[in-house]
Amino acid sequence: MKLESEKIDMATIAKMLDVSKTTVHYAIRNTGRLSAETRKRVLKAVETIGYRPDGLARSFRRGRTDTLGVVVATLTNSIHAHLLEGVETVAQQYRHAILVACSHGQSKTERDLVDVFLEKGVDGVIVVPSDPAHNRAFYEGLMQKGTRLVFVDREIPDLKTEIVSTDHEKGGYLEAEHLISTGRKEIVCVATRSPEHRSSSVRDRLRGIERSLREAGLRPPTVLGTDPPDFTVHEHYGYKVMSDYLKNNAGQFDAVCAAHDGLAFGVIRALTEAGLRVPKDVAVVGFDDQDPSAYFQPPLTTVRQPMREIGMEAARLLFRRLNEPGMALTRQRIVLEPTLVVRESSGAPKAR
């Protein structure tokens, strides 16, 4: 059965089988009232010919492409992999595919990637924003045009858009509360970026740490960190920041709160090279519960974000927008609970 010189479409198959085009459509889409014999006959012809529906033409007719765009900051840590798993799980339920890109924490790159996705006609965009202020006007313009947009993990303050995140301030509070309960009193925090460029998530974590210390009658933490060079991985940056601090006559401290697990890995290496024992001399805690955290040496105490669930909630919000286009624009915020995972790096007993 060769139709090489013809355009193979539903009309061609219908003519070949002497049935209506609607019958072919119903058989392929598994809809409509067709006898089992007719459906089987059509599908056998479709398989033999190798016909594939014209998805692009269908997209034009429906005004949708059945794709979502997702912009994350990096693909080098496991939390964004779990985020993408969550988004994809829900997208598949709605027969959508996802397009993924990485901003590397650069505001301009993030903006360019969102533009590329929209040019490709994605039905909506999920973004982990890189900066709390730089792209505000850009996103305001998109929202005025009706772009379906959901932020994840971080936000641009006062921008009326939807966001799904962990309760970062509570997570920071849990870290410091745990350290205080083990007798630690002088805490150093290691964060990426200078204060004006820190993401909302890191700002909230630091705020939670400060609140816990204040309630315990202890001094505020010393906060280390500035804007790193482009594409600097967290592990290297944490190592450098702590190494420099130790070389420059650091004050007395007995604990470190790292804003991300990768920073904590680098911090532990720097402390060890300086002859300090973790956790006997200095306790270290991270944030995120990346996959290597349980297998690092010593295993890292950290705050777990339910990233897969966050990704699923973000996708559900986006599809709600798609399915209810007349819904009033709101600033819906979904906040999931963090969990403190206690391991040996903070002085916890060895797990059996």
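**Ground rules**

I number residues from 1 along each chain as its sequence is written. Since I am reading a predicted model, I keep local features only at pLDDT of at least 70 and side-chain atom pairs only at pLDDT 80 or more, while totals for chains, interfaces and linings use all residues, and side-chain values use heavy atoms, with hydrogens and water left out.

**Overview**

I take helices (H or I, at least four residues) and strands (E, at least two) as DSSP runs, numbered from the N terminus. Of the 352 residues in the chain, 49% are buried. For me, buried means under 20% relative accessible area, exposed means over 50%, and partly exposed is in between, using a 1.4 Å probe and protein chains only. I then looked at contacts (heavy atoms within 4.5 Å). Among those between residues at least 6 apart in sequence, 72% join residues at least 24 apart.

**The sheet**

In what order do the strands of the open sheet come? I read β2-β1-β3-β4-β5-β11, 6 strands with parallel pairing. I call two strands paired if DSSP finds at least two bridges between them. At the edges I have β2 (97-102) and β11 (333-336), each pairing on one side only. From one strand to the next, the twist averages 15°; here axes are lines fitted to C-alpha atoms, for helices over the stretch in contact, and angles run from 0 to 180 degrees between N-to-C directions.

I checked two of the pairings. Strand β1 (residues 67-72) runs parallel to β2 over 6 bridges, and I see Val-72 opposite Cys-102 in β2. Parallel β3 and β4 are joined by 3 bridges, with Phe-151 in β4 as the bridge partner of Val-127.

Next I looked at the side chains of β4. In a regular strand the side chains alternate between the two faces of the sheet. I see Leu-149 and Phe-151 pointing one way, Val-150 and Val-152 the other, and all are buried.

**Helix α5**

I compared length with expectation for α5 (residues 78-93). Its 16 residues should span 22 Å at 1.5 Å a residue, and the end C-alpha atoms are 23 Å apart, which agrees. The expected span is 1.5 Å times one less than the number of residues. Near the start of α5, I found a side-chain oxygen of Asn-77 within 3.3 Å of the backbone nitrogen of Ile-79. The buried residues of α5 include Ile-79, Leu-83, Leu-84, Val-87 and Val-90. Their cover includes β1, β2, β3 (124-127), β4 (149-152) and α12 (307-323). After α5 comes Arg-95, with a positive phi near 55°.

**Helix α6**

For α6 (residues 107-119), 13 residues should span 18 Å at 1.5 Å a residue, and I find the end C-alpha atoms 18 Å apart, which agrees. Which residues of α6 are buried? I list Ser-107, Glu-110, Leu-113, Val-114 and Phe-117. They cover an arc of only 125° around the axis, so they sit on the same side of α6; the arc is taken from the directions from the helix axis to the C-beta atoms. On the other side of α6, Lys-108 and Glu-119 are exposed. The buried residues of α6 pack against β1, β2, β3 and α7 (136-144). Gly-121 follows α6, with a positive phi near 85°.

**Thr-302**

I found Thr-302 in strand β10 (residues 302-304), and at 0% relative accessibility it counts as buried. Its side chain makes a polar contact with the side chain of Asp-261 at 2.7 Å. I count a polar contact as a pair of N or O atoms within 3.5 Å; within protein, one must be able to donate a hydrogen and the other to accept it, and residues adjacent in sequence count only if both atoms are side-chain atoms. A polar atom of the Thr-302 side chain also lies 3.4 Å from the backbone oxygen of Gly-286.

**Backbone spots**

I noted two cis peptide bonds: Val-278 to Pro-279, with omega near 15°, and Gln-297 to Pro-298, with omega near 0°.

Is Asp-288 buried or exposed? It is buried, with a relative accessible area of 2%, and its phi is positive, near 125°. Asp-158 also has a positive phi, about 70°, but this residue is exposed at 73%.
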